[in-house]
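Hi,

Here is the structure I promised to pass on.

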Amino acid sequence: DLSSRPRGTEAPGEALNPLDATTLGGAVRLSVELPIRLLSILAILVLTHRLGVLGFGEFTLTLGVGLVIAEFADLGLSQGLVRNVVGGAVTARDIFTVKGQLTALTLGVGGVALAALSKIPGFDSLTITLCMIHYVGFSWIECVGSTLRAHGRIWAEAALLLLSRVVLVAL
């Protein structure tokens, strides 16, 4: 079965079925999700204990606002990336160009919105800005990971995702 072999090990005239490689990439990605989810649960347990009920509520509200703003930097781009790159509809360069434009627009509009909202007493624009930057950064990690998977580098994607979550929890 060619799908179990790394790219570049095909015999002359043999081609790796890109859909088989994508399926394998999806399976590896799912296997990495378990430790990522466990790390997330651990982080939530630690945060709730250290911040208390009120502090954790404020923290999750801030994360939510940051996430909503940062979601505009992706707009579903990463979800269709693997299928479109493997299918030849777009190149990774095309994806990264659009991703860069969405990120610049998001940070610009988000910055203007946060500047306006910072006039509200008690509004913590610094924390929301940091959350927004964090989520935009992780959307780039997801995008790069999906691109790696589309090019058959599934273990590199898994390592990138797992390492980024471990570093986040360690911080």
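**What I found**

The protein chain exposes about 10,300 Å², and carbon and sulfur atoms supply 71% of that area. Accessible areas here come from the Shrake-Rupley method with a 1.4 Å probe, and for residues only the protein chains shown count as cover.

Before you go further: this is a predicted model, where local features need pLDDT of at least 70 and side-chain atom pairs count only at pLDDT 80 or more, while totals for chains, interfaces and linings use all residues. Residues are numbered from 1 along each chain as its sequence is written, and side-chain values use heavy atoms, with hydrogens and water left out.

**Confidence**

The pLDDT (the predictor's confidence in each residue, from 0 to 100) has a mean of 76 for the protein chain, and 82% of the residues reach 70 or more. Look out for residues 1-6, where pLDDT stays under 50. The model has eleven contacts (heavy atoms within 4.5 Å) for that stretch beyond four places in sequence.

**Overall layout**

You'll find five helices and zero strands, so the order from the N terminus reads α-α-α-α-α; helices (H or I, at least four residues) and strands (E, at least two) are DSSP runs, numbered from the N terminus. Of the 171 residues, 30% count as buried. Buried means under 20% relative accessible area, exposed means over 50%, and partly exposed is in between (1.4 Å probe, protein chains only). Among contacts with a separation of 6 or more, 66% are between residues 24 or more positions apart.

Helix H3 covers residues 92-117, and its 26 residues should span 38 Å at 1.5 Å a residue. The expected span is 1.5 Å times one less than the number of residues. The end C-alpha atoms of H3 are 36 Å apart, which agrees. The buried residues of H3 include Lys99, Leu102, Thr103 and Thr106. An α-helix has 3.6 residues a turn, so residues three or four places apart point the same way.

H4 also has its span worked out: 26 residues reach 37 Å from first C-alpha to last, close to the 38 Å expected. Just after H4, glycine 152 takes a positive phi of about 80 degrees. Arginine 149 is found in H4 and counts as buried, because its relative accessibility is 12%. Arginine 149 and leucine 81 are 68 residues apart in sequence, yet their C-alpha atoms are 9.6 Å apart in space.

**Around alanine 73**

Which residues does alanine 73 contact, leaving aside neighbours within four places in sequence? They are Lys99, Leu102, Thr103, Thr106, Val136 and Ser139. Alanine 73 is in the loop between H1 and helix H2 (77-86), and it is buried because its relative accessible area is 0%. Its C-alpha is 7.6 Å from that of leucine 105, 32 residues away in sequence.

Serine 139 belongs to helix H4 (residues 125-150). At a relative accessible area of 11%, serine 139 is buried, and it touches Ala73, Ser78 and Lys99, not counting residues up to four places away in sequence.

Isoleucine 41 sits in helix H1 (residues 18-71) and counts as partly exposed because its relative accessible area is 47%. Together with Leu34, Leu38 and Leu45, Ile41 makes a nonpolar surface patch of about 420 Å².

Enjoy exploring!

Note on methods:
Patches are made of residues with over 30% relative accessible area and no salt bridge: like charges are joined within 9 Å, nonpolar side chains (Val, Leu, Ile, Met, Phe, Trp, Tyr) within 5 Å. A salt bridge is a side-chain nitrogen of Lys or Arg within 4 Å of a carboxyl oxygen of Asp or Glu.
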